[in-house]
Amino acid sequence: TDYAELRLPDYAGADRYFMTGNALSILANRIGNVFDLRGPAQTIDTACSSSLVALHAACRAIAAGEVPAAVVAGVQALLSPFAFGGFSRAGMLSPTGRCRVFDAAADGYVRAEGAGAVILKPLDAAVRDGDAVRGVILATGVNAAGRTIGMSLPNRDAQARLISKVMAEAGLGPNAFGYFEAHGTGTAVGDPVEAWAIGTAAARGRAEPLPVGSIKTNIGHLEPASGIAGLLKAMLVLERREVPPVLHQVTPNPHIDFAALNIRVPVTPEPLGGPRGAVVGVNSFGFGGTNACAILGPAPKPRRASKAAEGPTPPLILSARSAEALRALAQQWEHRLAGATPRGVAAFARGVARHRDLLPHRMVVRPLLPPPHSRGRAGVGAAPASETRTSTSTLPRFAEKGEFFVGKEVTAGHATSPSPPCFVFSGNGAQHAGMAAAALRDSP
């Protein structure tokens with residue numbers, strides 16, 4: 001919205017691109033256009049809970065079978081002075097420039113900018129496709145505060161009800177949590193309300209107090225993107241099995257009864273507690289009253305694919321935006337593949353083929369693997385004497401000189417490979433079935 005605020009007073013600047021450059025809906029549409037995504041592109045604005053509300057919408061769409069995957073992002077850019085002035089006059093911004101969440105000296109938050117994104121898929125599909133799973137979303141939820149004494153004031157009962165509902169959907173009790181990532185704005189009103197909601201719903205009855213913190217003490221308040229920032233922090237907590245400290249803690253907020261709520265604020269790094277497979281909660285609320293909550297669990301251990309499932313090793317496809325970049329990329333891959341196991345080489349090649357864009361400057365090489373009877377590690381450009389030289393030996397030469405010749409050496413593969421050359425006629429697409437058959441038949 002900041003960009004639009006800067007453009008709106010400039011009536012003479014309303015050219016043909018004005019609406020597509022300023023309409024909020026176009027934010028999501030533009031991403032869908034660039035990456036050719038066909039699902040429902042939505043820009044969601046619920047103020048500071050926007051990105052977790054978007055996460056909830058995406059999870060629901062995937063669960064309903066409407067989309068096979070989703071990209072969820074939050075973004076904040078600080079370009080206009082209007083919001084700074086408005087929030088400052090409302091007493092929401094810290095005059096001392098620190099987010100002191102849950103501390104007695106909390107005097108508001110610090111606005112920050114940034115962006116984060118996650119890709120969501122059903123867990124079974126992600127494991128099947130060999131994707132790197134960073135965490136598992138166990139449940140999400142959204143509700144609203146309804147009528148309050150002031151529209152920008154949060155409702156503790158609504159937040160507690162939502163957290164309880166999400167916990168029930170995930171089938172979890174308070175003892176399942178190892179950590180809870182709060183919205184944690186560091187404001188006089190918001191902190192006591194949220195602490196009461198988290199403690200009441202997720203901490204009472206636990207054997208040990210629940211650690212609660214907020215990433216806003218580290219990076220500031222990303223407002224509509226703050227939920228995705230909290231989610232990424234939760235993911236890192238689970239991956240590293242470590243809870244980072246909450247900064248700027250001197251005196252606990254006297255308006256929060258930490259002991260009765262059975263919560264505490266970690267001030268030094270500590271290992272993630274709780275049971276094996278402990279989960280992390282993420283809370284978020286917008287200043288208009290829309291609340292959102294998510295529970296994140298650890299990623300499952302990677303499954304070892306069977307040899308039958310792995311299939312043959314595909315060629316390594318390298319591409320870059322310039323010849324110089326392609327040469328540097330070839331040098332990186334020469335070092336990356338040196339010493340890799342055959343399984344690792346195959347995984348690299350499959351990953352590149354699936355997940356990397358094809359850029360204008362390209363080269364395709366067949367990874368050099370030892371013969372089946374060899375127990376040595378795979379090499380690049382150095383084949384055993386008993387094996388036919390393969391095209392991966394071009395990687396070092398290309399990385400050094402930036403040139404290689406298309407001929408028998410480059411196109412030769414393993415002697416056991418039965419695959420003939422494959423010609424792909426892409427262009428503007430096939431106008432009719434078998435359109436290349438005549439060219440293949442008539443042109444040597």
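**View 1. Strands S4 and S9 run side by side.** Strand S4 (residues 177-181) and strand S9 (residues 279-285) run parallel and are joined by four bridges. Within this pairing, Tyr179 stands opposite Val280 of S9. Two strands are said to pair if DSSP finds at least two bridges between them. The strand and helix names used in these legends follow DSSP runs, numbered from the N terminus: helices are H or I runs of at least four residues, and strands are E runs of at least two. Please keep in mind that this is a predicted model, in which local features need pLDDT of at least 70, side-chain atom pairs count only at pLDDT 80 or more, and totals for chains, interfaces and linings use all residues. Residues are numbered from 1 along each chain as its sequence is written, and side-chain values use heavy atoms, with hydrogens and water left out.

**View 2. Six strands form an open sheet.** Stepping back from S4 and S9, we find the order S3-S10-S9-S4-S5-S7, with mixed pairing. Which strands sit at the edges? They are strand S3 (136-144) and strand S7 (263-264), each of which pairs on one side only.

**View 3. Helices H7 and H8 lie across the sheet strands.** Helix H7 (residues 156-170) lies across S3, S4, S9 and strand S10 (290-297), and runs at about 150° to S3. Helix H8 (residues 190-203) lies across S4, strand S5 (210-213), S7 and S9, running at about 150° to S5. Contact here means heavy atoms within 4.5 Å. The angles run from 0 to 180 degrees between N-to-C directions, with axes fitted to C-alpha atoms, for helices over the stretch in contact.

**View 4. Phe177 and Phe180 make a tilted aromatic pair.** A search of the whole structure finds four aromatic pairs. In the pair of Phe177 and Phe180, the ring centres are 5.4 Å apart and the planes meet at 50°, so this pair is tilted. Rings of Phe, Tyr and Trp (its six-membered ring) count as a pair if their centres lie within 6.5 Å; planes under 30 degrees apart are stacked, those over 60 are edge-to-face, and the rest are tilted. Are these residues buried or exposed? Phe177 is buried, with a relative accessible area of 0%, and Phe180 is buried with a value of 0%. Buried means under 20% relative accessible area, exposed means over 50%, and partly exposed lies in between (1.4 Å probe, protein chains only).

**View 5. Trp333 and Phe348 meet edge-to-face.** The ring centres of Trp333 and Phe348 are 5.5 Å apart and their planes stand at 85°, so the pair is edge-to-face. This pair links distant parts of the chain: Trp333 belongs to helix H13 (residues 323-337) and Phe348 to helix H14 (residues 342-355), 15 residues apart. Trp333 is buried, at 7% relative accessible area, whereas Phe348 is partly exposed, at 32%. Elsewhere, Phe87, Tyr109 and Phe287 form one aromatic cluster.

**View 6. Helix H10 is mostly covered.** Of the 15 residues in H10, 11 are buried. Among them are Ile228, Leu231, Met235 and Leu238. How does the span of this helix compare with expectation? At 1.5 Å a residue, the 15 residues of H10 (residues 226-240) should span 21 Å, and the end C-alpha atoms are 21 Å apart, which agrees. The expected span is 1.5 Å times one less than the number of residues.

View 7. Arg241 follows H10 and lies in the loop between H10 and strand S6 (242-243). Its phi is near 55°, a positive value in a residue other than glycine. Arg241 is partly exposed, with a relative accessible area of 35%. Asp36, which is not a glycine either, has a positive phi of about 60°. Asp36 is found in the loop between helix H3 (25-35) and helix H4 (50-63), and counts as partly exposed at 48% relative accessibility.

**View 8. Thr1 opens the chain.** Thr1 lies in the segment before helix H1 (2-7) and counts as exposed, at 56% relative accessibility. The C-alpha atoms of Thr1 and Ala83 are separated by 9.8 Å, although these residues are 82 apart along the chain.
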